Every structure is written in structure tokens, then in C-alpha cells.
Amino acid sequence: MGRYVIRRLLQMIPVFFGATLLIFLMVNVMGDPIAGLCGDKACDPATAAQLEKEFGLDKPVWQQYLTYMGNVFTGDFGTAFNGQKVTELMSAAFPVTIRLTVVAIVFEIVIGISLGVITGLRRGRPVDTVVLMLTLIVIAIPVFVTGLLLQLFLGVEWGVVRPTVSPEAPFDELLVPGLVLASVSLAYVTRLTRTSIAENSRADYVRTAVAKGLPRHRVITRHLLRNSLIPVVTFIGTDVGALMGGAIVTERIFNIHGVGYQLYQGILRQSTQTVVGFVTVLVLVFLIANLIVDLLYAVLDPRIRYA
Amino acid sequence: MRGATHAKWAAGVVAIALAATACGGGGSGGGSGADGIVSSSWGDPQNPLEPANTNEVQGGKVLDMLMRGLKRYDPKTGEAKDMLAQKIDTSDSQNFRVTLKDGWTFSNGEKVTAKSFVDAWNYGANLKNNQKNASMFAYIDGYDQIHPKSGSAKTDTLSGLKVVDDKTFTVKLNQKFSTWPDTLGYPAFAPLPRAFFDHHAAWLSKPIGNGPYLVDSYTKGSKLALRKWAGYMGADKAQNGGIDLKVYTDNNTAYTDLTAGNLDLVDDVPASQLKNVKADLGDRYINTPAGIIQTLAFPYYDAAWNTPDAVKVRKGISMAINRQQITDTIFQKTRTPATDWTSPVLGTAGGYKAGLCGDGCTYNPTEAKKLISEAGGIPGGQLKITYNADTGSHKEWVDAICNSVNNALGNDKACVGGPVGTFADFRSQITQSKMSGPFRAGWQMDYPLIQNFLQPLYYTGASSNDGKWTNAEFDKLVDQANAETDKAKAVADFQQAEGVVRDQMAAIPLWYQNGSAGYSERVSNVSLNPFSVPVYDQIKVS
């Protein structure tokens, strides 16, 4: 197991460098960031040259990349164009997005798996049909439509919640945005769980457990569900990274100042340092979430061993 | 029926979730009357908050609350009025003597002296400090030393600035510029306290100024809380207890918050809400002219656009654009068709002249077609209007213009839009002179002077002359206007220069932009100044 973890960690290194290099190159082809800094007026050339020097933009791209990576290893992610340290932006943005992601994941797990178990055990019954149709609708509707509608009805028309989230973004204000962010994945989790449960409920070990006279809830939770969770855990694990990076739409609608907002600003203003820094961290989150998912397999199914 | 209890439980979670969020709701609070706090939408400023480094509206509105300079533009008329200046004397339009009023201090107790100004201006002009508004100081003698075109600064002070005593300093310009004192209301010319230079980082995280408000707390990227400063010297004391500026990721979200009663003021009503704004806000919606004009600029570095025939083509294109229809339908009357190259906010005395453009800006598709075919058609065979597609919904109006041109010419391929992905890329293509046809140009005035609408845009080699247009006659008239000591005569000269722009159709004027704002029932006496920034200090909370 230890050796497996080390091998996986080593594999992360080329992925990490490859991903950051790609982002670095992509941001660099978008044009001259300094030109956008002066608004509709032209930057005066002397100041522009000076700024380029300060941000290291006058050097060739490969050299910028090397310097950048060198700095990253000392914990220095550079400075955004508004004069703030990127680490400062991160320490403001990541806690908010992590809270939002946690809310979303909890929704996925609680609602998604519960609905999946219910429908999986009642295939073809009305409750199954209704939930399947509902999930289909949720998957079909884009997140910004769900978000704006919930905001309009819950926030403006009925006044149940505040339509936007305050800068501190406490958990209770993040419930509706978290539900919106989770909605599509939640539908997938429901469907995945349903299929998996449906398939396994006919398995021999379930029949054995029932035959032994175990209480029904024990059969479902200990035997059926545990074995059915592997595909679901895989999905939720990869979803952690996707939710964090993909929160741009939800964060914009509910005015949440998290990772999505900073990335959006960074792209608009072409702040290489901001974009590359945030994406670097997101890549790491993605890699580690995947590793944890793989390690969880062994917990769920002891037959799986890592060499 | 175990499943059913599960379902109930899941439904329960959602219900609890919704109930819990409800606790987060409620009003924006902050008292009422003279102590009431106004909450207002804000965008994250692009640059650090320094007077000479702020060149966009979001940072500008903060400086407007925090700082007072020698002059201040009247929020209603736009006229430059003395603020800290007792008087600004000159006998030759080139050497000025500035005398300050007594008793002004910064909110940390430091006195505002002549040195506060001279130090601030030297800092702003110095190439070393990377200030994006450094060019505002370009008229002061010695600018080429402190801010050379290339290389590094040779000195740390502008030779044209001299402190005479605590209350007086002199300014020598490098050319005659009679209306120069009227430019001094621009935020870059604000005075700065010693704290700015001594503890720069601390100042940036909590700026100190001499305006009606002081900074209570500043969380970068999310909220800036400004509070009324009791010790403020000016006549324009704050009528409310303070302003909370909240950063919104999207102006649609801000508008939603306003309609839900969580926000008092939105100073940029999103285009998509203009249809509903009357029903939502009634007369709490403001739509007033601002000092902004949109134009189509041309690349004169491209030989095809720099011919005598091309003048006819440009005029033809201008006549093919149905301005009235576009401003009515796409902009819901938040733009006014332009008939000159300035802005109505200048007023007739300030140089605005309705109809100066004449036939050239009147929709006339038959004449347009005739002019363009006489001139041998559009250079390159197709008109491609370049714009940035990332912000400002430019696609809609560019497509509308093309539609209008295509209809006039009876050719549905005569004009197409040329989107560029990001604003930064758009600007860098412009500065590298890579445009092959007309491109979107907007101009927001720095100060309400006709000079500001003409010289930076059309003078040979001027800072914002993106199309590299050059005309000796125009340059001569501008120089003449600047040397004129009588303001009325200067304005007349500038209008004559504007006539040259018209005859050559140097850029096609499209429309004047309005400022639009909406506010809640909690506040009153809300208005926008000619820069489309709310006059925050006059807002009353009920």
C-alpha cells in the first residue's frame, strides 16, 4: 500500500508540470496583458515597458515558465495586476469555494445516494419513474437556468433566502448555491447508485444475507450499499475537482467571491500569475482527490489490494 | 415501507436547508437619517488605489469620495470650480501660480500644503512608480526628464513645479495651455499625505485622503466601507453616515439584490434589465447623459484607408448607419445618436454643438450607396468592424451597424463583425497597429473640456490617437486654441478644429452614452455626475 501511494505520488509530477505548462502557454497566446490594463486608452510606452519588466513579461515564455515554477516551489505565486499577492487572493478565495464544494458534495452524497437506493430497490414503481424523470430534467437544464430561477423565486419573489451571498460566505448562505452547483452531479449520483444497487440486489451475497435472517436495513447498508458504492465514489471523487473549478457560473450568479470569481477576473484581465496559480492548485486538488478515491476502493472492497 | 421514510428524510433535509438559509436574510441595516449607511454596487478596481494609478470608473468613484483636489467638477453642470485652490493665476497661459485655501487637513490630521501637491504630482509623473495616469502630468515642464519615452527616469522631480511657501506653488508648462487649470479636477491631481510615501503598503490597504469620507475598512476584492468624516472642511459635506461599496461579480446580480431590497444603489443597470427597469423601479431609475462617446476609428497606417477617396467611403459608411433605430432598439434609449465628436455634458458654452456633423451623420442609405460606389467601393471589398467580445455586449450593436450598412448597399456581405476574444488582445492589436479596417473606439472624458474630446484622440501622435490620424490643419487649430487666453475664443477654435475632423470623417461618431442607475426606496436625492458616477455625498437615507 505504501509503495502504491509513493508510485502514485511520483506519477503526479509529470502530470503537474504538463498541466501547468499547458495553462501557461494558453494564457500567453491570448495577447499582451499590459495593453488591457490602461482601459480604452493606450498605455504610455515607457510605463508599459516598465510594467512588463516588473512582471517578467519581457522574457521569452520558457524562461518565464522556469522562473515561475522556481518561485512556486518557494511558495511564491507572484503578484496579480491589481498589486495583490496571488497567495493573498488564494487565501481569500479557496476557503469560500471549499465550503461551497463541501455543501455540494454533502448534497450529492445525502440526497443522491438516498434517492439512488430508494429507486434502485423499487425499480419500475412510480417513485422510481418519477425520480428518473426528475433527474433527467435536472441533467437537461443548464446550471445557470436552475441558479437564476432559484435566485428569482427563493430570493426575490418569496424572500426565503438572500439572493446573494455576503463576502464572508457562511455555510447557511451557501446552501442554495451549493444545491445548484450540485444539481447535475446529484442527478448522476442518483442514477449511478440506482443502477449499481439494482444490479447488486440480485447478487448471491445479498440473497445469502437475507437468507441468514439479517434485518433489512443491515442487508442494505452493510452488504448491498457498500458493494454498490465503488462507481459512485469514483464519480464523486473526480467531481471534487470539477466542482471547485467549475463553480464559475454558480459563483457569478450568487456573487460568491471564490475560486471561480478569481479565475474569471484573472482570465478577463489576462493576469497570468492569477490564472496559472489557481489552476496549479486545482490540478493538485484533482490529483489528490483521485488518489484518495483509489485508496477508498480497498476500504469498500477488501478484495482489492495494492501492490 | 422503509423507502418511504428515507424519502421523507431527504425531503426534510431540503426543508431544513431552506429554513436555515432564511435566517441569513433580512435588511441591509445601518440606521437611518444622517447616520444611515448607503450600500452600493462596485466592481473590483483594476489597479491599486492610488490617485495617479486609477484610470477606470470603479477606482475613480472611491477617489471621488476620498480625495479633494484644487478644483472639482460641479456634479450637475460639470463646470470646474475651485475646491482647495484659493486662486490660480497666470499672465501668459504657460506659467501658473497656485494659492491654496487655509485650514484644510487630511483625515489623519496632517495639513494640506503646497508640498502635498508637489510631492504627489512628482510621484505620479515619475516613471519609476509605474503610474498609469502619468501622462496627465505631461504638460508640466520637465516631464520628459522624469518620464522619458524609453530608459529610466533621470530625475525625481518635475522641474516645472516649485514650492514657494506652505500655501503657494508655481507651475511652468512646456506649452501654452489656457484651460489647464480646468483639468485639475481630475483625480490624478489630488494631494497626498506623507503617510502615502512613508508607509506605502499601509496606505494602500487603508487609504487616507482629505475628502468627505474616510476609509473604515477595506477587504480587497469584496467590500470597502467608507464613513462620513466629521472634520471635513468642504461645503459638500456628506449627507449620509457612510457608503458601503460591495463588489459584485456581475451587474445582473447587483440588480437582483436591488430588487430584493438588499442593496440601495446600482450605478450600472445591465442592458438585459432595461426592459424591466421601469416596472421594477419606476422613477427610481436614472438615465442621464454622461461624458462618453462611442465612435468607429480607422487605421490610417493602412494605405487603403488613407486616400482622398477613402474620405468619401467613411462618410458613406457613416450615412449608412441608422443610429436612431439602433439606440432605440438595442440600447433602449440609453444612448443618444451623436451629431458631433464631443458630448452634450459640455453644454453649448463648453463646446458641444448639436448637428456639427451635418449630413454625414444623418441616415441616408441612397446617398451612402452613391458616395461609396463613387469612391470605388470599400477598401478590400469588405468592411470588417473589430471589437472585443468579452465585455460590454459589443456584438449586438456591431452586428446592427453591419446590418444597416448591408441594407444600404444592398449587399449582405459588405460588412461583418470581427470579434476579438479578450479586451487585452483587442488593445494589444490596436497598439501594435494591426487593424485592417474600422474598430470600436470609446472615449470617456477625463475632464469636461472640449480639448479632452479632440486633442488626445486626433492630434498627431497623441496618446489615444489609435488610428494614427494626422492632419496639419487640425494640429494648427488645436495649438491656436490652447494658446488662447480667452476661454470662449479657445472653444471656438476647438470647434473649428472639430470641423476638420468632420470634413475628413476622421472617425465616425456613433452615439453619446448615458449613465444609468437605480436605487431603493430607502434612499433619495440620488443623481449621477457628468462622469456617470453617483454623487454619493448628496444621497439622503430615510
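Predicted model: local features only at pLDDT ≥ 70, side-chain atom pairs only at ≥ 80, totals over all residues.
Modeller: Residues are numbered from 1 along each chain as its sequence is written, chains are lettered from A and ligands numbered from 1 in the order in which they are written, and side-chain values use heavy atoms, with hydrogens and water left out.

Biologist: How many helices and strands does chain A have?
Modeller: Helices (H or I, at least four residues) and strands (E, at least two) are DSSP runs, numbered from the N terminus. Along its principal axes, the C-alpha trace of chain A spans about 85 × 55 × 30 Å. The secondary structure of chain A comes to 13 helices and 0 strands.

Biologist: What percentage of the residues of chain A count as buried?
Modeller: A residue is called buried under 20% relative accessible area, exposed over 50%, and partly exposed in between, using a 1.4 Å probe and protein chains only. Chain A has 307 residues, and the share of them that counts as buried is 50%.

Biologist: How much area do chain B and chain A bury between them?
Modeller: The buried area is the accessible area (1.4 Å probe) that two parts lose on being put together, summed over both. Contact, meaning heavy atoms within 4.5 Å, involves 63 residues from chain B and 54 residues from chain A. Of the area buried between the two chains, 57% is on carbon and sulfur atoms, and the total is about 5,100 Å².

Biologist: Which side chains meet in a salt bridge between chain A and chain B?
Modeller: A salt bridge is a side-chain nitrogen of Lys or Arg within 4 Å of a carboxyl oxygen of Asp or Glu. The count between chain B and chain A is 1 salt bridge. With an N to O distance of 3.4 Å, the side chains that meet are those of A:Arg252 and B:Asp250.

Biologist: Which element gives the largest share of the side of chain B that touches chain A?
Modeller: Across this interface there are 13 residue pairs in polar contact, both at pLDDT 80 or more, where a polar contact is a pair of N or O atoms within 3.5 Å; within protein, one must be able to donate a hydrogen and the other to accept it, and residues adjacent in sequence count only if both atoms are side-chain atoms. The elements of chain B that give two or more residues to this side include helix 1 (2–23), strand 10 (242–247) and helix 7 (251–259). The largest share, 13 residues, comes from helix 1 of chain B.

Biologist: Is B:Lys81 buried or partly exposed, and with which side chain does the side chain of B:Lys81 make a polar contact?
Modeller: B:Lys81 sits in strand 3 (residues 80–82) of chain B, and because its relative accessibility is 39%, B:Lys81 counts as partly exposed. Leaving aside neighbours within four places in sequence, B:Lys81 is in contact with B:Leu70, B:Lys71, B:Arg72 and B:Asp74. At 2.7 Å, the polar contact is with the side chain of B:Asp74.
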